[in-house]
Amino acid sequence: MSSPQQALQLQAARVVFIGAGPGEADLITVRGSRLLALAQVVLFDALADAALQGLAPQAMWVDVGKRGFSGKPGSDFNGQTRINQLLVEHALAVGAAHGDQGLVVRLKGGDPSLFGRLEEELHALRAAGIASEVVPGVTSALAAAATTQRPLTRRGTGRSVSFTTAMTRTGELQCGMGPGQRADTEVFYMAGRQLDPLQKGLLDAGWPADTAVSVVSRAGWPDMRHTVHTVGSLDQASDTHAGRPTLVIVGAGATALPDEPLTHLPICGDAGAHP
């Protein structure tokens, strides 16, 4: 005799989390687009390209996009609790109608696992006994590095990268781990409203004021904007990127390509090597 949880799992549609990529529709992965085309219901984020609806015209598209912590009326209508409830409700409804062929897609901008609140949604489905799958996507930091041709890792100088969110409910920022311990390249997501405190936080964390900074807004879109700064002048980026989804890249990955390609990096023991 099956348990109530097993019976529920048989009745519920499978839920697939798909990374929509960092901008235009064709940045989604092949697997993501194939599964999206099979969905009966799609719960989509604010940053997902509307053109993706053409891949699943038969599906019911449900807007669950958040609009940040603006405090404006309706800005947090799609809170995480409501999204969790909608996932379970639609999985049950689609499963009842389509059986084991039922599919609900949770379409997230960028990659689901990176600042996408994936953990809470996986927990909600697991608690309801609903099967799920995660399809990775391209995150906006990679789109920013690609379109500006400033690789996040650099031979000999950029061997580590950190991803940090600059947007928190408390407004607190954690910039690096102090001199000698930070990543060679630090990427700050959702930084558009935080450029002034981010500048101060970077200086307080030990980044020299002349460290290179690359600021990219709407990475992956035709109207992307890119400006270059230093840690000491980061606040000057505010006017150019105001009101746009913005990434701040600090350190090795923010520097321009050298005039000459690297042919040799001295290592310890080489003549002329620097300690």
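Visitor: Which residues of H4 are buried?
Guide: Leu118, Glu121, Ala124 and Leu125 are the buried residues of H4. Buried means under 20% relative accessible area, exposed over 50%, and partly exposed in between, with a 1.4 Å probe and protein chains only.

Visitor: Where do they sit around the helix axis?
Guide: Within an arc of 130 degrees seen down the axis of H4, so they line one face of the helix. The arc is taken from the directions from the helix axis to the C-beta atoms.

Visitor: What kind of model is this?
Guide: This is a predicted model: local features need pLDDT of at least 70, side-chain atom pairs count only at pLDDT 80 or more, and totals for chains, interfaces and linings use all residues. Residues are numbered from 1 along each chain as its sequence is written, and side-chain values use heavy atoms, with hydrogens and water left out.

Visitor: Back to H4. What covers its buried residues?
Guide: The cover includes strand E1 (14–19), helix H3 (80–98), E4 and strand E5 (132–135). Helices (H or I, at least four residues) and strands (E, at least two) are DSSP runs, numbered from the N terminus.

Visitor: And which exposed residues are on the face turned away?
Guide: Glu119, Arg126 and Ala127. Just after H4, Gly129 has a positive phi of about 75 degrees.

Visitor: How many salt bridges does the structure hold?
Guide: There are 8. Asp223 meets Arg218 at 2.8 Å, N to O. Asp223 also meets Arg244, at 3.8 Å. Asp223 lies in the loop between strand E8 (212–217) and strand E9 (225–230), and Arg244 in the loop between helix H7 (238–241) and strand E10 (246–251), so this pair ties together parts 21 residues apart in sequence.

Visitor: Arg244: buried or exposed?
Guide: Buried, at 13% relative accessibility. Asp223 is partly exposed, at 36%. Elsewhere, bridges with shared partners join Asp45, Arg106, Lys108 and Glu121 into one network.

Visitor: New topic. Which way do the side chains of E2 point?
Guide: In strand E2 (residues 41–44), Val41 and Leu43 point one way, Val42 and Phe44 the other, and all are buried. In a regular strand the side chains alternate between the two faces of the sheet.

Visitor: How many bridges join E2 to E3?
Guide: 4, and E2 runs parallel to strand E3 (residues 60–63). Leu43 stands opposite Val62 in E3. E2 and E4 also run parallel, joined by 4 bridges. There Val41 has Val104 as its bridge partner. Strands pair if DSSP finds at least two bridges between them.

Visitor: What is His90 in contact with?
Guide: Val41, Leu43, Met60, Val62 and Val104, leaving aside neighbours within four places in sequence. Contact means heavy atoms within 4.5 Å. His90 is in helix H3 and is buried, at 15% relative accessible area.

How values were computed. A salt bridge is a side-chain nitrogen of Lys or Arg within 4 Å of a carboxyl oxygen of Asp or Glu.
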